[in-house]
Amino acid sequence: VSAPGIIETQTLEVSIGPQHPSTHGVFRMDAVLEGEVIVKLKPVMGYLHRNHEQLAEKMVWLGSMPYTDRLDYFCSMSNNWAYALAVEKLAGIKVPERAEYIRVIMAELTRLLNHVCLVGFLLQDLGAWGTPLLYALREREKILDLFEAVSGSRMMCNYMRFGGVRVDVDEQMLAQARRIVDKFPAFLDEFEKLLTTNEVLMARCQRVGILPKQLAINASITGPMARASGVEYDIRKVDRYGVYDRFEFRVPVGEVGDVYDRYYVRVLEMRESVKILQQALRDIPAGPHQNPDVKLRNFRVPAGDGYGRIEAPKGELGFYLVADETGKQPYRYHVRPPSFINLTILEDMCLGHKVADAIVILGSVDIVLGEVDR
Amino acid sequence: LIGSVEILRDAVVTAVPGVEIEIVSSAPAAQQPALLVDRAHVLAVARFLKDDSRYQMDICSCVTGVDYLKQGYIEVVYHLYSVALKHGPVVLKVRAPRELENCRTPSLTPVWRGCEFQEREAYDLFGVKFDGHPDLRRILMWDGFKDHPMRKDYAPPMDYEWEPTPHDETLERAQSQAGTIPPSAAEAKR
């Protein structure tokens with residue numbers, strides 16, 4: 001509509017990514033802009049696709065354990081656990097109590113480092129160059145040292161095995177873990193003092209990228225994203241896998257479902273993780289770290305299918321496995337990646353916002369392209 | 001889950017008349033029996049499972065395909081959970097013939113938005129066409145790609161980048177498949 005005083009504009013198609021630091025890897029957003037406002041946005045992925053699933057179908061069951069590290073390379077411990085859990089479900093393997101505790105400790109440490117990094121990178125996307133991210137990476141470094149002490153590797157841990165974990169943890173490592181965990185709340189207080197009531201952060205994050213509760217459920221959104229929208233659903237509470245029924249912790253839930261809620265739910269989740277860790281590190285029993293009946297060499301699984309899932313830091317991480325009659329290799333191996341499915345509603349959240357907001361919204365989804373593209 | 005899978009099956013049969021339904025057992029230890037539903041009724045069954053107050057399967061957690069080469073069909077598997085009632089999973093299976101032109105099944109994206117990307121992935125990797133899907137495009141492989149790489153009879157080319165020199169089947173395949181490399185360029189490289 002042309003009228004005096006109104007400048008006519010054309011819609012503009014912008015391809016954001018794949019080589020762009022704010023897309024957190026090789027990820028592309030095809031955006032259509034009206035002025036600076038997004039009217040259409042299509043995520044484009046697959047740049048890191050390596051057919052992880054087919055690789056796994058061509059080797060024995062244990063062979064793909066190291067490859068699960070490379071899915072979400074921040075959270076190799078919880079990826080290992082999800083795969084081990086699914087295979088244990090298929091084969092009916094029991095896990096000794098000490099191994100269950102070690103798994104909980106590793107998974108919760110992973111949640112701490114994932115969330116702390118996410119907050120750091122989110123602030124990086126907001127333009128707070130360096131400072132919050134470096135505080136976050138400092139804390140992550142301490143946890144990575146623990147991982148290195150138990151598994152020999154900082155990021156690609158390859159630590160869990162069917163029926164337990166690869167090596168036992170020693171008392172020295174547990175003492176170090178207790179020290180780190182006990183100091184973590186003080187760090188969080190400091191971090192929150194810097195961020196939670198920060199005026200810029202509030203202005204940029206509140207009422208931005210709102211995800212309504214009903215849409216979140218219908219679009220299979222899981223993890224902190226869903227909980228920020230008010231969906232009270234935590235697989236640790238619902239499935240009670242491992243020994244999670246023994247710990248006292250709460251599930252933080254947001255109200256509005258905007259970027260700020262997603263930030264704050266993650267901060268609160270870290271506080272709950274600290275509680276779980278303190279209980280687990282206090283109660284960890286002595287005993288074997290691996291079920292001695294499980295022969296990992298020439299490992300076989302009875303025919304049939306099964307689905308196992310855990311509450312990974314990014315959401316529901318599941319493995320759907322099918323074994324054929326030989327049972328030597330997976331006949332079908334499917335990963336249900338939380339960050340891939342959480343991208344389903346990226347367009348819905350971005351419509352009507354500015355380009356700079358889209359970057360922040362993408363940051364708050366928390367994607368890792370190793371997992372999105374597989 | 002409230003009651004056994006047999007009760008669920010009977011409830012589905014009453015709610016969706018004419019449905020062909022069968023219980024498929026899972027691995028013995030996993031205890032996740034599935035409902036195998038015919039293609040014509042799967043959408044009605046999905047709507048029933050989502051809306052029925054006893055089940056309220058409001059979240060479709062996982063969608064994937066499995067290629068059963070010997071049996072001659074591709075199975076699409078849906079894992080449903082209920083956030084409202086905190087139970088699950090209900091496993092819903094649909095079978096489509098392997099031949100590409102007949103390999104189609106109704107999309108469940110109109111019922112659960114969460115199927116959108118996952119069905120696109122199943123289409124991309126297995127070649128299952130989902131009727132009624134709003135935006136059925138490749139998602140992981142590139143647009144010019146012709147095959148469906150997760151099918152069990154898929155033969156990968158020797159080298160995707162036609163290096164160091166394409167020859168024999170790889171050259172033929174590259175030329176017929178992609179059409180992106182003009183014959184003269186292939187000749188020159190040779």
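Is B:E75 buried or exposed? B:E75 is buried, with a relative accessible area of 1%; buried means under 20% relative accessible area, exposed over 50%, and partly exposed in between (1.4 Å probe, protein chains only). This is a predicted model, in which local features need pLDDT of at least 70 and side-chain atom pairs count only at pLDDT 80 or more, while totals for chains, interfaces and linings use all residues. Residues are numbered from 1 along each chain as its sequence is written, chains are lettered from A and ligands numbered from 1 in the order in which they are written, and side-chain values use heavy atoms, with hydrogens and water left out.

**Strands β4 and β5 of chain B**

- B:E75 lies in strand β4 (residues 73-82) of chain B and B:K93 in strand β5 (residues 87-97) of chain B, 18 residues apart; helices (H or I, at least four residues) and strands (E, at least two) are DSSP runs, numbered from the N terminus.
- The side chains of B:E75 and B:K93 meet in a salt bridge at 3.6 Å, N to O; a salt bridge is a side-chain nitrogen of Lys or Arg within 4 Å of a carboxyl oxygen of Asp or Glu.
- B:K93 also counts as buried, at 3% relative accessibility.
- Eight of the eleven residues of β5(B) are buried, so this strand is largely enclosed by the rest of the structure.
- β4(B) and β5(B) pair in the antiparallel sense over nine bridges; two strands pair if DSSP finds at least two bridges between them.
- Within that pairing, B:V76 has B:V94 in β5(B) as its bridge partner.
- The two strands β4(B) and β5(B) form a hairpin with four residues between them, and B:K86 in the turn has a positive phi of about 55°.
- Strand β2 (residues 34-37) of chain B pairs with β5(B) in the parallel sense, over three bridges.
- B:K93 in β5(B) is the bridge partner of B:L36.

**Salt bridges within chain A**

- Over all chains, the count comes to 46 salt bridges by this rule.
- One of them joins A:E53 and A:R332, whose closest N and O atoms are 3.2 Å apart.
- A:E53 belongs to helix α1 (residues 52-57) of chain A and A:R332 to strand β10 (residues 330-336) of chain A, so this pair ties together parts that are 279 residues apart in sequence.
- A:E53 counts as buried at 2% relative accessibility, and A:R332 counts as buried at 2%.
- Another salt bridge joins A:R236 and A:E108, with the closest N and O atoms 3.3 Å apart.
- A:R236 lies in helix α10 of chain A and A:E108 in helix α4 (residues 97-126) of chain A, so the pair ties together parts that are 128 residues apart in sequence.
- A:R236 is buried with a relative accessible area of 3%, and A:E108 is buried with 0%.
- A:E108 and A:R236 are part of a network of salt bridges that also links A:R111, A:R227, A:D234, A:E269 and A:E311.

**The interface of chain A and chain B**

- The contact (heavy atoms within 4.5 Å) takes 46 residues from chain A and 46 residues from chain B.
- The size of an interface is often given as the accessible area lost when the parts come together.
- Between chain A and chain B the buried area is about 3700 Å², of which carbon and sulfur atoms give 56%; buried area is the accessible area (1.4 Å probe) that two parts lose on being put together, summed over both.
- There are four salt bridges between chain A and chain B.
- B:R113 and A:D348 meet through their side chains in a salt bridge (3.0 Å, N to O).
- On the side of chain A that touches chain B, the largest share, five residues, comes from β8(A).

- Most residues other than glycine have a negative phi.
- A:R240 has a positive phi of about 50° although it is not a glycine.
- A:R240 is found in the loop between α10 (235-238) and α11 (259-283) of chain A, and this residue is partly exposed, with a relative accessible area of 42%.
- A:N298, also not a glycine, has a positive phi of about 55°.
- The loop between α11 and β8 (304-312) of chain A holds A:N298, which is exposed, with a relative accessible area of 56%.
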